[in-house]
Amino acid sequence: MALRVEKSNCFQCPRHWCQVLVHVEDGQIVKILPDTEEDETRRLCVKANTSIGLHDHPNRLNYPMKRVGKRGSDEWEQIGWDQAMDEIAGRLDNIRKEYGPESVVALGGTIHTHGDAMAWRWCNLFGTPNMIWLGKNCGEAQVLSDMAVIGYPSMGVMIPGVTQCAIFWGVNPAESTPVYNPMDVSWPWLKQAKELGTKIIVIDPRRTRTAELADLWLQIRPGTDGALGLGMLNVIINEELYDKAFVEKWCIGFDEIKGLVQEYPVDRVADITWLSEKDIVQAARWYAMLKPSTIGWGLADCHIGGGAVKSAVLTKSILRAITGSMGFLGGNLSGETPQRLGWIRNIMWDRQFDHPLRTRDNLGADRWPIASVKGYKLYRDAMKNVYPEGFGGAQYNMFVSSHAIWKGILTEEPYPVKALLMQGSNPLLTFSNARTVHKALKSENLALHVSMDFTLTPSNMLADYVLPATDWLERPEMRDFWGFSDGIQGAKAVVAPMFERHHDYDLWRDLGKRLGQGEYWPDTLEGMYDKMLESSDTTFEALCAMPGRALPFDIPEEKPFEKKGFGTFSGKVELVPSVFEKLGYDPLPRYEEPPRSPVSTPELAEEYPLILIAGSRVVQYTHTRFREQRTGKDSESVPQPTCQDAS
């Protein structure tokens with residue numbers, strides 16, 4: 001038997017950092033082990049253990065299929081890829097001519113690396129502003145808050161031995177990042193930092209492994225994060241623990257925030273949050289006095305709903321800004337537009353401003369203007385003196401609300417939605433109001449529904465065309481972190497695609513070429529990667545041969561604002577963000593109860609006294625992915641990998 005060992009990076013989760021050795025025997029992947037050449041302590045988390053099971057799963061989609069019965073009848077005809085592309089492109093062209101490009105919606109799920117970027121590129125070229133990806137129900141609220149206040153997402157990176165206090169707010173690295181990863185706060189780093197004396201504060205209603213490690217665990221009432229933020233600001237401002245020099249030189253709106261927080265004394269906040277006054281004060285003092293300190297990315301408070309979200313994310317942005325750790329390694333860096341990857345110009349966001357066929361903003365622009373073409377243009381104008389090309393992750397400005405999509409299908413308001421292109425998404429499971437989603441996906445108003453995925457899910461069983469996607473072992477991958485940073489890793493395909501599985505790139509390229517975009521699409525995915533890497537004077541082939549299959553990391557510049565200012569209209573940190581005000585939002589982070597809570601809906605709480613927390617991380621899965629995987633004795637038909645875990 002011919003055995004070969006391929007070096008690659010595991011792309012089974014968003015981090016894409018773990019270097020692996022994939023053992024291939026006679027074309028079959030038999031095991032995946034950590035690549036310890038550069039780091040003999042490297043381990044893999046259990047997620048890598050799902051890769052072979054997914055690759056060989058008996059329920060994988062292997063051929064393009066066209067619906068021949070009623071939607072949901074599970075009656076299909078196997079067709080070829082080119083036939084599928086011809087028919088889908090023809091129907092999209094007719095829909096665009098009759099209803100306009102905005103009547104087409106693209107909807108994506110988790111972790112499609114190049115597929116994500118190419119979907120947005122296709123939408124911008126086609127003329128639709130209606131796209132929604134994982135970032136909408138992930139961290140959009142915090143991204144837009146930081147951009148409005150600071151001018152760029154504030155990347156909090158805890159460094160063991162440097163960071164003196166780290167707050168983990170709505171995040172659980174023990175489950176979400178269980179192995180070492182230099183691009184994020186990983187569980188090993190957290191444990192190392194604890195040993196080196198970093199004070200760890202965890203804010204989470206659940207007693208997680210991360211909470212058990214903490215010096216201070218705040219078991220907050222779910223949804224009251226904004227009140228806690230205001231209470232901490234009350235302590236920091238009234239005890240004059242903020243960085244007075246930085247606030248005086250670089251912040252505007254401080255007096256308004258100082259006035260607001262007087263409405264949130266610690267005793268009131270304790271009543272709201274179900275926390276002790278002592279713990280609130282302790283958390284505020286540690287965070288403000290132990291420097292550098294950091295509040296890292298935690299996305300749970302982005303999911304609260306209603307005005308409670310705005311209060312939660314704005315208070316975190318303000319806390320980051322006024323306490324003296326802004327712009328320092330080990331604290332919160334103020335961000336930098338990626339320069340080593342031609343991301344912004346290749347995704348072609350500017351086409352949303354001047355597309356000859358687009359005449360309408362996205363579906364939710366009137367109700368949620370912050371996430372619209374209008375909102376994106378305003379953010380771009382605010383940032384232009386510091387970031388003339390705009391924010392790398394501009395998709396966060398553009399993602400349309402899922403509620404607006406279903407309304408556009410069912411009521412055709414504010415205008416009709418006639419086509420839905422889904423890429424690795426299962427909205428019946430991942431979005432709220434599943435009955436409304438089901439009704440929309442079955443509606444005769446929806447003229448075209450296309451889904452590309454690994455398996456036949458409940459959502460794509462309602463599609464007109466279902467297309468088979470390659471997994472990461474079958475395709476060349478390049479991790480670009482969605483335009484946020486210059487952390488770039490690449491890996492070649494380990495094996496050729498099985499059956500008629502296709503790269504996500506093939507979908508958007510082939511549709512694009514049939515719809516007048518031919519000049520914009522290189523023939524191969526590797527060619528597209530080369531185009532993206534032109535700014536780095538390298539190629540995808542060379543990237544894959546580099547140590548760790550990654551471009552060497554550049555140490556971020558500390559306090560870049562000393563030279564450039566901040567990416568806001570004023571050039572300063574706007575504690576009361578003018579972008580919010582210009583878009584019609586109250587720019588102050590006033591606390592609001594979550595839409596459903598013991599306070600806002602007491603009658604509901606009497607009948608249902610428990611508070612549900614959805615979306616908690618489980619290390620075996622990535623969000624809702626891989627639930628179809630079988631392990632153990634009942635999986636004889638599915639080859640299982642041999643893989644070292646993180647224990």
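Contact here means that heavy atoms lie within 4.5 Å. The model is a predicted one, with an average pLDDT of 90 and 95% of the residues scoring at least 70, although pLDDT stays under 50 over residues 632-647.

Leaving aside neighbours within four places in sequence, D225 is in contact with W169, I220, D301, I304, A312 and T315, and its side chain makes a polar contact of 3.0 Å with that of W169. D225 is buried yet has no salt bridge, the nearest side chain of opposite charge, that of K316, being 6.7 Å away.

Helix α8 is also one of the elements against which the buried residues of α10 pack, the others being α9 (244-250), β12 (251-252) and α13 (307-322). In α10 (residues 254-261), the buried residues are F254, I257, L260 and V261. Seen down the axis of α10, these fall within an arc of 125 degrees, so they line one face of the helix.

Elsewhere, charged side chains do pair, and the structure holds 38 salt bridges. In one of them, E593 and R221 bring their closest N and O atoms to 2.7 Å; because E593 lies in the loop between α25 (578-582) and α26 (602-607) and R221 in the loop between β11 (216-218) and α8, the pair ties together parts that are 372 residues apart in sequence. R221 is buried, with a relative accessible area of 2%. Salt bridges that share partners also join K7, D35, E37 and R549 into one network.

Note on methods. Residues numbered from 1 in each chain as written. Predicted model: local features only at pLDDT ≥ 70, side-chain atom pairs only at ≥ 80, totals over all residues. Heavy atoms only, no water. Buried < 20%, exposed > 50% of the residue type's maximum accessible area, 1.4 Å probe, protein only. Lys, Arg positive; Asp, Glu negative; His and termini not counted. Salt bridge = Lys/Arg side-chain N within 4 Å of Asp/Glu carboxyl O. Polar contact = N/O pair within 3.5 Å; in protein donor to acceptor, adjacent residues only side chain to side chain. Helix = DSSP H or I, 4+ residues; strand = E, 2+ residues; numbered from the N terminus. Arc of directions from axis to C-beta. pLDDT = per-residue confidence, 0-100.
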